[in-house]
Amino acid sequence: FKKALYVVLFANIIGSVIIIVYALIKKELISESLLPFGISFILYGVMIYWFYRLPFLRTLGFTASYVMIGGIATVALYATLILPIRLVVIQPFSVTGAGMEPTYQQGDYLLVQKINRSFRRGDVLVYWYRGESGEKKFLFKRLIGLPGEHLSIKQENLYINGVRMVIPELTGSWKGDQEVDLKNGEYFAVGDNLGASFDSRFTGPIQELAIVGSIIAETPLFRY
């Protein structure tokens, strides 16, 4: 069992290194769903095929059976621990576009929590939007309007229930006046870079079911 564990650690560490090196060199991320385990599976196959041509593995006392056990253990680990966490608790996303600059930039890698659904004004949400083409896109926007509120944009000023609201992160032009009454389960969010953001001003209120979650952390390694 100990040797099989060593194989799991070896393959996944190498897989992690490959992903990081790729991101740093290519200035882009492999799909967020491709965890180091994905590349590790390839490594397992290579290790099994070339096993007797890798003297250092024989020196460590590994056998092909240990490699196979390690592969099975990795699949089990992904299925029982990593995948559920990603689906229910926390999920990584990569920023696209300039709508959230300067707070977040193209290529930033963000962690989004999915458990706490008590969203507050100022939170940065990740939600999906389906355009006219039917393509599903994920948007990153700052929450400014909550369910039950009356939101008004007049002469480059934001009013919530008649009270002028200043959100310091927002910059640029609002691009016209607008009034919205938010129903239960509806939210209004805009990009920090108002002049370059495609957000609720154009798509309408966000339905709660479309919200993936709110951003809790940024991974500085992937900011370019």
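Me: Is G122 buried, partly exposed or exposed?
Reply: In this predicted model, G122 sits in the loop between β2 and β3. The relative accessibility of G122 is 27%, so G122 counts as partly exposed.

Me: What distance separates the C-alpha atoms of G122 and K141?
Reply: G122 belongs to the loop between β2 and β3. Along the chain, G122 and K141 are 19 residues apart. The separation of their C-alpha atoms is 9.5 Å.

Me: How many salt bridges does a search of the whole structure find?
Reply: Side chains of opposite charge can pair when their charged atoms come close. The cut-off applied here is a Lys or Arg side-chain nitrogen within 4 Å of a carboxyl oxygen of Asp or Glu. For the whole structure the search gives four.

Me: Which residue forms a salt bridge with E149?
Reply: The closest N and O atoms of the pair are 2.8 Å apart. E149 is in the loop between β4 and β5 and its partner in the loop between β2 and β3, so the bridge ties together parts that are 28 residues apart in sequence. The partner is R121.

Me: Which is buried and which is partly exposed, E149 or R121?
Reply: Buried means under 20% relative accessible area. R121 has 29% relative accessibility and therefore counts as partly exposed. E149 has 11%, so the buried one is E149.

Me: How far apart are the closest N and O atoms of R142 and D192?
Reply: R142 and D192 form a salt bridge. The pair links distant parts of the chain, 50 residues apart, with R142 in strand β4 and D192 in the loop between β9 and α5. Both R142 and D192 are buried. Their closest N and O atoms are separated by 2.7 Å.

Me: What is the relative accessibility of D199, which meets R201 in a salt bridge?
Reply: The N to O distance between R201 and D199 is 2.9 Å. R201 counts as buried, with a relative accessibility of 9%. D199 also counts as buried, and its value is 0%.

Me: Is the peptide bond from E101 to P102 cis or trans?
Reply: Most peptide bonds are trans. P102 is in the loop between β1 and β2. The omega of the bond from E101 to P102 is near 5°, and the bond is cis.

Me: What is the separation of the C-alpha atoms of G97 and G107?
Reply: G97 lies in the loop between β1 and β2. At 33% relative accessibility, G97 counts as partly exposed. G97 and G107 are ten residues apart along the chain, and their C-alpha atoms are separated by 8.7 Å.

Me: What is the phi of Q155?
Reply: Most residues other than glycine have a negative phi. Q155 is in the loop between β5 and β6 and counts as exposed, at 69% relative accessibility. Its phi is positive, near 45°.

Me: What is the phi of K175?
Reply: K175 is located in the loop between β7 and β8. With 49% relative accessibility, K175 counts as partly exposed, since exposed means over 50%. K175 is a residue other than glycine with a positive phi, near 65°.

Technical notes. Residues numbered from 1 in each chain as written. Predicted model: local features only at pLDDT ≥ 70, side-chain atom pairs only at ≥ 80, totals over all residues. Heavy atoms only, no water. Helix = DSSP H or I, 4+ residues; strand = E, 2+ residues; numbered from the N terminus. Buried < 20%, exposed > 50% of the residue type's maximum accessible area, 1.4 Å probe, protein only.
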